[in-house]
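Good morning, and thank you for coming. Please look at the structure on the screen while I go through a few of its features.

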Amino acid sequence: MKTLKDADDLVRAGLIDREDIPKTTSISQTYSIGVTSQVIDTIKNSSFDDAIYKQYIPDVRELDSTDNETPDPIGDHAHEVTKGLIHRYPDRVLFKITPTCAVYCRFCFRREMVGRGKDALTAADIEAALDYIADTPQIREVILSGGDPLILSPRRLNEVISRLENIPHISLIRFHTRVPVAKPDLISQDLLHALTTSKQMIFVLHINHAQELNHATITALKSLRKHGTVLSQSVLLKGVNDNIEALKSLFIALTDIGVQPYYLHHPDKAQGTAHFRLTIQEGRALYKALRGQLSGYALPHYVLDIPDGYGKVPLNGDWIAPHGDGGYTVTDIHGKTHRYYD
Ligand code: SF4
């Protein structure tokens with residue numbers, strides 16, 4: 001079955017009611033819809049459990065934006081050195097090589113930049129980014145992201161990998177991807193062949209619930225493991241995985257198949273996503289409770305991307321302290337402090 005892209009598709013697949021067409025159409029005019037056959041199966045196998053359904057099916061609350069939400073919640077633009085290339089930390093760059101994904105998550109932190117019809121990079125933009133990487137010796141790691149880099153054709157992926165292969169100071173290529181969960185059949189032999197490089201490779205899988213790990217996903221992850229390290233990143237989402245059992249099951253299931261839980265993200269303040277956000281206090285309480293229930297290697301780092309581009313910090317220790325006015329003081333990696341309010 002082809003990917004569902006609009007309200008009529010969702011009605012035909014039995015995922016929304018006919019009376020929801022106007023509001024769903026209205027949402028899709030701002031934020032793309034993408035539901036693959038793999039995700040439809042996962043939703044149906046979960047008996048329409050909110051944990052899966054809410055991640056992919058539009059909700060009318062997406063049309064409401066709160067005052068503290070922004071189109072660029074983690075401040076990509078503040079660190080954009082060439083179009084699509086973000087140089088936020090000294091030794092690595094994030095290369096947003098495509099604005100397209102296999103699916104469109106309703107809580108996406110880059111939802112204003114990611115989607116069908118969004119501004120794609122031209123061949124000249126890609127050249128400019130690769131030139132910057134080649135001319136900047138302190139960069140040792142290139143993170144291919146987007147969008148989702150693994151939806152590119154094997155030929156296009158190979159062109160980029162081959163260029164990076166020839167840059168001596170690059171030792172690591174990292175991929176941020178949801179493809180093994182959303183469209184695992186894209187992890188084909190051709191794609192794996194296109195990823196051939198002498199550089200170290202790390203694949204970071206975006207996954208939020210253990211029910212997203214089915215046979216096809218596990219098979220795709222096993223294939224990727226033959227080419228590099230596989231880590232996971234998850235977003236802590238209200239109504240999806242904001243309970244001990246869901247988080248514990250996810251992290252145990254991942255370690256059982258050789259995927260190392262890496263990050264648990266506090267949800268970013270992307271526009272129209274307030275219904276997914278927990279408070280920092282709620283998130284920290286969950287994380288504290290998890291610590292006693294999981295081996296250290298199964299517990300990811302619980303992190304906050306400080307709004308406006310100040311980088312990622314752990315939500316524990318000296319990095320964050322409550323402030324008298326109900327907010328927090330968060331210290332970034334340069335020792336600079338920022339105020340944060342839920
Ligand atoms: S896969 Fe990632 S970039 Fe794509 S829609 Fe989901 S959260 Fe956004």
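I begin with Glu165, which touches Thr197, Ser198 and Lys199, leaving out residues up to four places away in sequence; two residues are in contact if their C-beta atoms, placed from the backbone, lie within 7 Å. This is a predicted model, in which local features need pLDDT of at least 70 and side-chain atom pairs count only at pLDDT 80 or more, while totals for chains, interfaces and linings use all residues. Residues are numbered from 1 along each chain as its sequence is written.

Glu165 lies in helix H6, residues 154–165; helices are DSSP runs of H or I with at least four residues, numbered from the N terminus.

I turn next to the core. The largest nonpolar core has 88 residues, of which Val93, Phe95, Val103 and Leu205 touch the most other members. Such a core is a set of buried Ala, Val, Leu, Ile, Met, Phe, Trp, Tyr and Cys residues joined through C-beta atoms within 7 Å. Helix H10 gives the most to this core, with 6 residues. Beyond four places in sequence, the contacts of Val93 include Leu85, Ile133 and Val142.

Finally, H10 also meets H11: Ile244, Leu247 and Lys248 in H10 are in contact with Leu286, Ala289 and Leu290 in H11.

Conventions: Helices (H or I, at least four residues) and strands (E, at least two) are DSSP runs, numbered from the N terminus. A residue is buried if 20 or more other C-beta atoms lie within 10 Å of its own, exposed if 12 or fewer, and partly exposed in between; C-beta atoms are placed from the backbone.
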